[in-house]
Amino acid sequence: MRLESSVEFKPCAEDALLITLGGAITPSLNAKVRLLCEKLKAQRLQGVLELLPAYTSLLVVYDPLIQTYANLVQCVKTLSLDTSAEKEQEVYLVEVPACYELGLDLKSVAEQTGLSAAQVVEKHSGRDYLVYCLGFLPGFIYLAGLDPALKLPRLATPRLEVAAGSIGIANDQTGIYPITSPAGWHILAQTPISLYIPTQEPPVSIFAGDYVRYKPITLQEFKNSPHTLKRTPVPKTSLNA
């Protein structure tokens, strides 16, 4: 299956090509973005410096002295993005311990949604989230598919700083701040896991295409128990997504 005619190609400055595969954020469309990224990697095209997948698009950064925009577009148009066998494949599930007692906005989110704090925790931790892409910060994972009952806009006034490991929600997304940083999302919990270790190769432990499951832990477990991340291959049909 070749690329659909609705795919858009746009130049970004003089050294990047933005390929947009669609407008709606869905697992199936994101799977095509990731497949396109892998296929372009396999091409090993001269002058291609970086591939940056997002929810519905892929940014190709290249050296204009070696590679041309027109040649990249033509190359992409020849690729097949058949993801029909995706449901039968194994995926990686990552269980992330989450201490909701450290959620700066847990009470506020409960009040705004009309739920109890326990219900917020249950709804947030009760499903498996697809990692659509990484960005904003090194190792920051974007997870869509939040329970509609928890959907809230970003904070009117972002915080200047939240701790590394803060787990937040905004609109229909959830994600984890891998380092201490400003934050505009509602903070529901905190994980003791380090998602970004610059001295490690690779420096991140969760990747686009993985699934994340939040595992509630107590404050005592957060402080005292050692925690490690494990990427476990599971059948996609076993996920609660």
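Student: What are the mean positions of the positive and negative charges in the protein, relative to each other?
Tutor: In this predicted model, the mean positions of the 21 positive and 23 negative charges are 3 Å apart.

Student: What makes the protein as compact as a globular protein of that length?
Tutor: Let's start with the fold, which has five helices and 14 strands. The globule rule gives 18 Å for 241 residues, and the radius of gyration is 19 Å, close to that value, so the protein is as compact as a globular protein of that length. Along the principal axes, the C-alpha atoms fill a box of roughly 55 × 40 × 35 Å.

Student: Good. Why are Tyr-55 and Tyr-142 called an aromatic pair, and which kind is it?
Tutor: Ring centres must lie within 6.5 Å, and planes over 60 degrees apart count as edge-to-face. Tyr-55 and Tyr-142 are 6.1 Å apart centre to centre with 65° between the planes, so the pair is edge-to-face.

Student: What makes this pair a link between distant parts of the chain?
Tutor: Tyr-55 sits in the loop between strand 3 (48-53) and strand 4 (57-62), while Tyr-142 belongs to strand 7 (residues 141-144), and the two are 87 residues apart. Both tyrosines, Tyr-55 and Tyr-142, are buried.

Student: How do you know which kind of pair Tyr-177 and Trp-185 form?
Tutor: The angle between their planes is 80°, and over 60 degrees counts as edge-to-face, so that is what this pair is; the centres are 6.5 Å apart. Tyr-177 and Trp-185 are buried too.

Student: And which cluster do ring pairs build?
Tutor: They link Tyr-55, Tyr-132, Phe-136, Phe-140, Tyr-142, Tyr-177 and Trp-185.

Note on methods:
Residues are numbered from 1 along each chain as its sequence is written. This is a predicted model: local features need pLDDT of at least 70, side-chain atom pairs count only at pLDDT 80 or more; totals for chains, interfaces and linings use all residues. Side-chain values use heavy atoms; hydrogens and water are left out. Helices (H or I, at least four residues) and strands (E, at least two) are DSSP runs, numbered from the N terminus. The radius of gyration is taken over C-alpha atoms; the globule rule is 2.2 Å times the number of residues to the power 0.38. Lys and Arg count as positive and Asp and Glu as negative; His and the chain ends are not counted. The place of a charge is taken as NZ of Lys, CZ of Arg, CG of Asp or CD of Glu. Rings of Phe, Tyr and Trp (its six-membered ring) pair if their centres lie within 6.5 Å; planes under 30 degrees apart count as stacked, over 60 as edge-to-face and the rest as tilted. Buried means under 20% relative accessible area, exposed over 50%, partly exposed in between (1.4 Å probe, protein chains only).
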